[in-house]
Amino acid sequence: MAEKLNGEVYYPSEEVISYARIKNWDELNNFAKKDLQNFWAKEAEELFWFKKWDKVLDDSNKPFYKWFTGAKTNIVYNCLDAHLKTHRRNKLAFIWEGENGEWKTMSYHALHRETCKFANVLKSMGVQKGDRVTIYMGRIPEIIIAMLASARIGAVHSVVYGGFSVESLAERIEDSQSKVLIVADGAFQRGRIVPLKKIADEALERCGTVEHVLVVKRTGQEINMEYGRDMWYHELMNLPIASNSCALEEMDSEDPLFILYTSGTTGKPKAILHTHGGYMVGIYTSLKYVFDIHEEDRYWCAADPGWITGHSYIVYGPLLNGTTSFIYEGAPNFPYPNRWWQMIEKYGINILYTAPTAIRGLMRFGEAWVKRHNLSSLRLLGSVGEPINPEAWKWYYKVVGNERCPIMDTWWQTETGMFMITPMPSVPLKPGSGTKPFPGIEMDVVDEKGNPVKPNEEGYLIIKTPWPAMIRTVYKDPERYVSQYWSKYPGVYLTGDSARKDEDGYFWIIGRVDDVIKVSGYRLGTAEIESALVSHNAVAEAAAIGLPHEVKGNAIYAYVILRNGIEKSPALIEELRQHVSHEVGPIAKPERIEFVDSLPKTRSGKIMRRVLKAKALGQDPGNISTLEE
Ligand code: WTA
């Protein structure tokens with residue numbers, strides 16, 4: 001890749017190239033372009049299948065694409081069982097550190113055993129293939145065991161992020177009709193306890209499907225255990241039913257592996273469905289090439305298992321690649337701003353994958369906290385979740401990576417399952433750009449009519465080719481799958497992001513163009529925040545928007561119309577903020593709430609958030625011809 005690129009470019013060093021698995025990105029990309037199916041089939045061949053596929057890609061019923069049809073597999077076989085026959089049997093699957101400093105390691109052999117034991121527990125609760133299981137925990141090893149155990153027996157897991165609260169959890173349990181909930185008593189967060197079981201108890205009063213609650217003891221405070229419904233994980237794991245071996249369910253390639261709720265353009269969060277076969281091939285391949293996983297690596301994805309980044313690149317991707325992962329329970333700056341750097345040094349981490357918001361947050365404390373530690377083990381850095389501003393990119397590159405470690409800025413979504421726009425270590429980088437689409441994936445930036453825009457012009461980001469880890473449908477709502485993603489431009493997947501493409505074909509993400517707000521990299525919908533606000537008895541109407549924030553990327557601003565006779569006061573503002581936190585979760589707590597007498601609406605009654613945003617930013621609201629008043 002000796003070509004000369006425009007703008008500020010960071011070319012890979014000789015050292016980086018000589019170590020990289022893919023030294024010539026163009027070659028791999030050309031191969032994938034020429035023969036998409038063969039490209040993915042070759043990758044799939046590296047994994048184990050009980051029965052091989054008849055067809056790599058079945059596109060006879062677009063946009064309901066199918067991958068590796070006719071094949072039989074189970075992702076858990078490739079995550080665990082396959083490694084037990086190799087030298088990886090004794091390799092560490094993960095090293096875990098609690099926020100309180102305790103640590104634990106687990107070999108592939110041990111993780112397989114614990115997964116089997118818990119799979120047997122789930123079976124004894126009557127969980128069967130296709131049943132949904134909700135999981136609600138912090139970053140502890142048991143969350144991984146619970147996910148793998150469900151998948152092993154063919155159940156469909158639905159993980160709810162531990163930062164969500166009562167209504168978010170209740171809504172997701174109800175929609176998925178889970179009969180089993182796996183929860184922790186609490187989670188440590190900045191030295192405090194998040195009372196997960198208490199939140200779950202409240203959520204269970206609002207939804208009616210759960211028969212069994214299995215409780216992992218983590219924080220140890222007094223909790224309510226409902227007789228006949230609630231059982232301790234550690235007690236169940238000691239019973240004879242929790243035997244060390246558990247037959248694995250042979251799954252159809254297209255059988256569901258998990259659902260994961262995420263915020264969309266309108267209405268309630270929707271459950272994105274991913275499958276055993278295609279998802280497995282997509283994330284195995286993307287992690288292998290992008291973070292260039294080597295056998296001796298210690299890899300750390302600092303996301304949460306409760307989001308797609310955690311599903312794909314803490315749990316399944318690393319295990320498929322037989323990687324040793326590091327997992328940390330707590331906050332980056334607790335008890336001091338050097339916590340992360342200390343652990344990188346202590347455990348000799350080679351790859352760090354995190355979000356721009358964390359980088360900006362740590363940057364604020366100054367580089368002295370970083371420089372105290374020897375971070376020479378680091379080889380690669382990664383970023384995900386929101387656009388990374390060049391200033392944060394350069395700090396990450398210089399201060400954390402010591403100008404040696406390429407930054408993999410990976411653009412993707414819950415729906416894509418895997419990295420879509422991303423460099424590989426040998427690719428020249430431009431700070432703030434995720435470079436180009438992954439081999440085999442064609443993307444573009446188009447105007448309202450679907451025509452490609454000129455270089456450097458803003459437009460809608462779209463995906464033109466199917467890929468194995470793609471969303472299969474919105475669970476229980478196939479029409480929404482079609483209307484939200486495949487209807488604006490026929491045959492083309494709409495991402496919901498706006499972007500630019502420069503003269504070198506590098507993509508630059510601008511942000512969401514719909515009602516999704518990215519707060520600290522977390523994906524929230526205006527609808528969730530608004531419906532939490534109007535569930536408070538003082539509120540008649542509410543509108544939420546995201547405004548730029550130095551560390552969080554975006555912060556939530558809410559505009560509230562009070563019911564007749566309710567008095568405006570600062571205390572009520574605080575009460576409403578707390579209410580949103582209690583209903584949706586602390587991550588959704590509005591930065592500011594303003595009382596207003598009216599909201600800008602279209603004649604059909606839709607709130608024009610665009611107008612609110614323009615006004616807050618002192619900008620021209622653009623076309624307001626549909627505005628009612
Ligand atoms: C945004 C997270 C810029 C984007 C994996 C996308 C990014 C949404 C990047 C999906 C990135 C993710 N640069 N923006 N590297 N990665 N995004 O579903 O707006 O939680 O549509 O998946 O995050 O968020 P989700």
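## Helix H3 and its neighbours

The buried residues of H3 pack against helix H2 (25-34), strand S1 (55-58), strand S2 (66-69) and H10. Contact here means heavy atoms within 4.5 Å. Which residues of helix H3 (residues 36-44) are buried? They are Leu36, Phe39, Trp40, Ala41, Glu43 and Ala44. Buried stands for under 20% relative accessible area, exposed for over 50%, and partly exposed for anything in between (1.4 Å probe, protein chains only). The helix and strand labels are DSSP runs numbered from the N terminus: helices are H or I with at least four residues, strands are E with at least two. An α-helix has 3.6 residues a turn, so residues three or four places apart point the same way.

Before going on, a word on what you're looking at: this is a predicted model, where local features need pLDDT of at least 70 and side-chain atom pairs count only at pLDDT 80 or more, while totals for chains, interfaces and linings use all residues. Residues are numbered from 1 along each chain as its sequence is written, and side-chain values use heavy atoms, with hydrogens and water left out.

## Strand S19, covered on both sides

Now hop over to strand S19 (residues 380-383). Leu380 and Gly382 sit on one side of S19, Leu381 and Ser383 on the other, and all of them are buried, so both faces of the strand are covered. In a regular strand the side chains alternate between the two faces of the sheet.

Strand S18 (residues 351-354) pairs with S19 in the parallel sense over 4 bridges, and tyrosine 353 stands opposite glycine 382 in S19. S19 also pairs in the parallel sense with strand S20 (residues 407-409), over 3 bridges, and here leucine 381 stands opposite isoleucine 407 in S20. To count as a pair, two strands need at least two bridges found by DSSP.

## Salt bridges across the chain

Side chains of opposite charge can pair when their charged atoms come close. The rule for a salt bridge is a side-chain nitrogen of Lys or Arg within 4 Å of a carboxyl oxygen of Asp or Glu. How many salt bridges does that give? The count comes to 46. One of them joins arginine 88 to glutamate 295, with the closest N and O atoms 2.8 Å apart. Arginine 88 is in the loop between helix H4 (75-84) and strand S4 (92-97), and glutamate 295 is in the loop between helix H10 (277-290) and strand S16 (298-301), so the pair ties together parts that are 207 residues apart in sequence.

Arginine 339 and glutamate 97 form another salt bridge, their closest N and O atoms being 2.7 Å apart. This pair links distant parts of the chain, with arginine 339 in helix H12 (residues 339-347) and glutamate 97 in strand S4, 242 residues apart. Arginine 339 is buried at 5% relative accessibility, and glutamate 97 is buried at 4%. There's also a network of salt bridges linking Lys197, Asp201, Glu226, Arg229 and Asp230.

## Rings meeting rings

Rings of Phe, Tyr and Trp (its six-membered ring) pair if their centres lie within 6.5 Å; planes under 30 degrees apart count as stacked, over 60 as edge-to-face and the rest as tilted. The structure holds 42 aromatic pairs. Phenylalanine 258 and tyrosine 279 form an edge-to-face one, 5.1 Å centre to centre with 85° between the planes. Phenylalanine 258 lies in strand S14 (residues 256-262) and tyrosine 279 in helix H10, so the pair ties together parts that are 21 residues apart in sequence. Phenylalanine 258 and tyrosine 279 are both buried.

Ring pairs also link Phe64, Tyr65, Trp467, Tyr481, Tyr485, Trp486 and Tyr493 into a cluster.
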